[in-house]
Amino acid sequence: MQQGKEVLLMHFEITTIVGNIWYLALSFILFDVVTGLLAAAIERKLNSSINYVGMIRKVGEFVALAFLVFVDAYVGANGLIIKLGVGMIVAYEAMSIIENFSRIGIDMKFLTKYFDKNKIGKKGKGDDKK
């Protein structure tokens, strides 16, 4: 039993549990952070307290993914629940990246017409009234 414990601790790799889909989720989360910072810089809204809340949300996504690993192992779904959770995280992050592109000024109207108008760029008609 002691030898099994050492192997688990010394050779732990997240990809053995989650698979290579882990890198997909990680890349989408990091890309969302970068595009969010760019959008905030363009809007001149770089604020450490807002960034702090955003980072807490990203950590929450990793905690949710860790929880799904345990649920998947308990249920014995052979990675299906993990892949579903990662897919949902990737979809959420993809929407956020598209919103950030819109805030940066990249025309994404063919996609953003389905999104919440309060979260995308404010360059529309009547937005100059303040």
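At what angle do helix α3 and α4 pack, and how far apart are their axes? That was my opening entry for this model, which is a predicted one.

**Entry 1: the helix pair.** I looked up α3 (residues 21-42) and α4, and found that they pack at about 170 degrees, with axes 12 Å apart. Angles over 145 degrees count as roughly antiparallel, so α3 is roughly antiparallel to α4. Next I listed who makes the contact: α3 brings Trp 22, Leu 26, Ile 29, Asp 32, Val 33 and Leu 37, while α4 brings Asn 51, Met 55, Lys 58, Glu 61, Phe 62 and Leu 65. Sorted by class, I have eight nonpolar residues, one polar and three charged in this contact of α3 with α4.

**Entry 2: Lys 58.** I then picked out Lys 58, which sits in helix α4 (residues 48-75). Is Lys 58 buried or exposed? I noted a relative accessible area of 12% for Lys 58, so this lysine is buried. Leaving aside residues up to four places away in sequence, I found Lys 58 touching Ile 29, Asp 32, Val 33 and Glu 93. With Asp 32, I also found a polar contact of 2.4 Å between the two side chains.

Methods. Residues are numbered from 1 along each chain as its sequence is written. This is a predicted model: local features need pLDDT of at least 70, side-chain atom pairs count only at pLDDT 80 or more; totals for chains, interfaces and linings use all residues. Side-chain values use heavy atoms; hydrogens and water are left out. Helices (H or I, at least four residues) and strands (E, at least two) are DSSP runs, numbered from the N terminus. Buried means under 20% relative accessible area, exposed over 50%, partly exposed in between (1.4 Å probe, protein chains only). A polar contact is a pair of N or O atoms within 3.5 Å; within protein, one must be able to donate a hydrogen and the other to accept it, and residues adjacent in sequence count only if both atoms are side-chain atoms. Contact means heavy atoms within 4.5 Å. Axes are lines fitted to C-alpha atoms, for helices over the stretch in contact, and angles run from 0 to 180 degrees between N-to-C directions. Angles under 35 degrees count as roughly parallel, over 145 as roughly antiparallel, 65 to 115 as roughly perpendicular and the rest as oblique. Ala, Val, Leu, Ile, Met, Phe, Trp, Tyr, Cys and Pro count as nonpolar, Asp, Glu, Lys and Arg as charged, and the others, Gly among them, as polar.
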